[in-house]
Structure formats: structure tokens, C-alpha cells
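Biologist: I am new to this structure. Please take a close look at one part of it, the aromatic rings. Which rings pair, and how?

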Amino acid sequence: MNNYIYTDSLRLQELVYGLKIKEVMTRDIFTLPLRAKMKEAKQILKKNHITGLPVVENSRVLGMISMNDVINALEKGSMEEPVTEWMSRDVQVLSEDMSLSFAFSAFNKYPYRRFPVVDKENRITGIITFRNINLALINKLSSQLNELEHSSGENIAAERISGFTKVYTIRQYDFENGGKASAEIKKILKEKKLPDTVVRRAAVACYELEINLAAHSIGGMLGIDINSRRIKISSSDLGPGIENVDKAMEAGFSTASEWIRSMGFGAGMGLPNVKKVSDKFNIHSESGVGTMVRSVIYINNQ
Amino acid sequence: MKLSEIIKASGFNVFYTPGDTENINISSVAVTELLSDLLMNSSEQLLLITSLTTEQTVRSAGITDVKAIIITNGKTAGKGMKIIAGDLGIPLIGTEMSNYETALVIGRLIKDI
């Protein structure tokens with residue numbers, strides 16, 4: 001237990017530079033024609049639970065309509081007006097062949113929550129959001145971890161009959177919902193009739209990581225991957241990153257605000273607690289880029 | 001010791017209970033204002049004494065299988081706390097006493113068994 005690894009093979013930067021935007025982006029996207037009205041934009045956003053739409057002519061992106069634009073138009077009773085009256089014309093697009101690191105830079109540089117992606121002929125081919133990046137990094141890291149396990153001979157008899165994988169989006173400062181994902185995961189683990197100590201350790205790791213995402217990151221993803229041999233919990237965010245990981249692993253060290261402390265958190269025990277309940281633990285963080293944490297708990301290792 | 005006996009002997013206020021407190025046994029007590037401390041407590045049949053009144057207090061209690069929460073210093077449980085407690089089946093109890101006084105009272109009760 002408590003095998004604390006800073007593993008070179010899991011370096012965040014390598015993952016970021018190794019992926020292209022087109023490997024990560026959403027390809028099935030909704031767009032608006034120039035002649036569309038604001039009420040149509042509203043319908044598409046609402047029906048598909050999305051927050052932004054590119055306005056397109058001949059596959060070229062001419063503008064973006066956001067949920068804010070729709071709310072503003074709604075307040076002014078302008079839903080019959082064309083989207084061209086309300087769209088942002090200063091649209092930043094990303095090329096699909098760019099490294100994912102360009103998307104990181106774009107999200108840091110611009111206030112946008114999504115970027116249209118274009119091909120070499122400047123035709124729209126997709127959209128990229130934080131969620132795309134987080135999901136891709138979790139998947140990539142998960143497969144790397146599987147390779148590591150396989151190479152160490154640990155995965156030979158692993159059955160996936162009772163397997164379960166899920167990724168949860170955790171929003172910054174969302175303490176109203178903070179802990180819901182962990183509660184659901186705990187319930188799933190109990191339903192699988194895993195040993196109580198395993199369920200408890202996994203639930204604690206999930207909860208501490210979930211609260212860390214809400215309290216310390218700009219939002220991120222919490223992933224759970226279960227097979228018959230182990231529970232793997234992953235957390236991934238896109239910032240702000242930890243300046244000094246060694247310090248963050250010290251019991252009692254915390255950068256939490258008074259507000260977060262007033263809720264009973266910020267004792268500087270979050271990451272040390274995750275490490276304590278894990279059989280394998282690794283963390284990698286880059287200041288200004290993001291943080292990834294992996295916790296593995298073996299099911300028959302009690 | 002049964003939770004119902006603790007409530008009866010101490011005169012605590014019951015803010016929420018999922019049902020019969022007769023069937024809830026308490027064998028250990030944690031007094032804390034830090035949820036990370038609670039998360040590391042692996043005692044069974046645990047009673048939590050705290051003055052924290054956040055929703056996360058109940059969520060943390062759910063993660064660690066806490067059997068009941070006593071909220072001290074005359075604080076009351078808000079709607080959010082009660083909803084989560086309802087989902088998780090964790091009784092919420094209140095007292096005017098401080099954490100220390102509450103722990104003393106319950107400590108004496110358990111000692112007298």
C-alpha cells in the first residue's frame with residue numbers, strides 16, 4: 001500500500017503534445033446558417049443541451065452564437081431577428097492538425113469555452129471544449145496505466161465481466177453537487193458486493209478528489225474504472241496546476257481560501273488522504289497547465 | 001448504545017430522522033470540524049459531533065457510513081442538509097451544547113452502560 005509514484009511515463013506534457021486536436025474534438029456538431037433566426041438558435045441549444053453554435057456559410061465559420069447571446073436577445077424580445085445581428089464575429093478557430101497544446105494555450109488566452117475546428121481548406125470539421133480535452137486525457141492516461149500494469153504482469157488474469165467505467169464532470173465551486181459523483185460510485189461498489197474496506201477506501205479517494213476538483217481547479221473530470229481485480233480512480237483538470245507537488249503532498253499544507261475552510265475543508269489532508277487509502281498513487285501537475293491524479297485500489301489485497 | 005437512548009437521556013433536538021432510532025447502534029464517537037479527519041476515521045457505528053452545518057458535512061458522513069450527526073452550538077440543519085440526510089438515511093440531531101460538552105455527555109452515557 002501507499003506506493004507513491006512520480007512516474008515519468010505519465011507526464012502530462014507528453015500527453016498534451018502527443019495528441020492532435022482532431023483526435024479529441026467533437027465531430028457531430030450543430031451549426032446555424034446565416035439566415036437562421038435567434039429563436040432557432042435557442043431551440044437547437046435547448047434541445048441538445050449545448051451552450052454555443054457556430055454560424056456557418058459554405059462550411060466557413062462566420063460567427064458564434066452563445067447561450068448569453070440568446071438570453072440577451074430573449075430579454076429584448078428579439079428572437080425573430082437573424083443570428084447575424086447577435087453573433088460574435090471575432091471568432092478564433094483552431095486547425096484540426098494542431099497539437100492539443102495549442103488548444104490549451106487558446107483556452108488560457110481567450111475567454112471562450114469552445115473553439116470551432118477547421119481543416120486545411122478552412123472548412124469547419126468539429127468543435128473542441130474543455131470536456132473533450134479532459135475525456136481524451138483520461139482515456140489516454142488510463143490506457144497508459146493499463147500498459148504499465150500489463151508490462152508488470154499484473155493484468156494477465158484480469159476479467160472485465162463485472163467492469164464499470166464512468167467519467168463525471170465536476171464544476172468549479174459547485175459544492176451543492178460536490179460529492180454526488182462519489183456517493184454514486186460508492187453505491188455502485190456496494191452493489192457489486194465488494195469488501196466494505198475496499199468500498200470505503202475507494203469512496204474516500206473519490207470524494208477527496210471530487211472536492212479537490214471543485215475547490216482548487218477550474219473544473220475537471222473524475223473517472224472510475226473497475227474490473228475484477230482493481231478500482232482505478234482518476235482526476236484530471238486544466239488548471240491552475242500545483243506549484244509544488246511535494247508540498248501539496250505534505251499533511252497539513254493547504255492553499256484553500258477561508259470560504260472553503262469554513263465548509264470543513266482545507267485542512268491540507270486531501271491528497272495525503274487519497275495516497276493513504278490507495279495501493280498505487282501517482283500525481284502529476286504543471287503550474288498553469290493542470291493536474292492529474294491516479295489512485296488504484298486492489299480488490300483482493302486486504 | 002442505541003441512538004434513541006442517547007437522544008432520550010440528553011434531551012437533544014431531532015431535526016431529521018429516517019425512521020426508528022431504536023435500530024441504530026452507536027459504538028464510537030468522532031468530534032471534528034475537519035471533514036478530512038472524519039474521512040480517515042474507520043470506526044464502525046460512528047456518531048459524528050460537529051458544529052459544521054454544510055451539506056458537505058452530510059455527504060462526508062455518507063462516505064464514511066456515519067450513523068448519525070449531532071450539530072452543536074445551537075446551530076440548525078438547513079434544508080439542503082436535511083434533503084441529503086434523507087437520501088442517505090442519516091439522522092440529524094441538534095443541541096445548544098458545545099462539541100466538548102456534547103462529547104462529555106455522550107461519553108458519560110456510554111460509560112454508564
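Modeller: Start with a cluster: A:Phe107, A:Tyr110, A:Tyr112, A:Phe115 and A:Phe130 are linked by ring pairs. Rings of Phe, Tyr and Trp (its six-membered ring) pair if their centres lie within 6.5 Å; planes under 30 degrees apart are stacked, over 60 edge-to-face, and the rest tilted.

A note on the basis. This is a predicted model, where local features need pLDDT of at least 70 and side-chain atom pairs pLDDT 80 or more, while totals for chains, interfaces and linings use all residues. Residues are numbered from 1 along each chain as written, chains are lettered from A and ligands numbered from 1 in the order written, and side-chain values use heavy atoms, without hydrogens and water.

Over all chains there are seven aromatic pairs. Take A:Tyr110 and A:Tyr112: their ring centres are 5.9 Å apart and their planes at 5°, so this pair is stacked. A:Tyr110 has 24% relative accessibility, so it counts as partly exposed. A:Tyr112, at 29%, is partly exposed too. The cut-offs are under 20% relative accessible area for buried and over 50% for exposed, with partly exposed in between (1.4 Å probe, protein chains only).

Another stacked pair joins A:Phe175 and A:Phe265, with 6.2 Å between centres and 20° between planes. Both A:Phe175 and A:Phe265 are buried. A:Phe175 sits in the loop between β8 (164-171) and α7 (180-191) of chain A, and A:Phe265 in the loop between α10 (258-262) and α11 (270-277) of chain A, so the pair ties together parts 90 residues apart in sequence. Helices (H or I, at least four residues) and strands (E, at least two) are DSSP runs, numbered from the N terminus.
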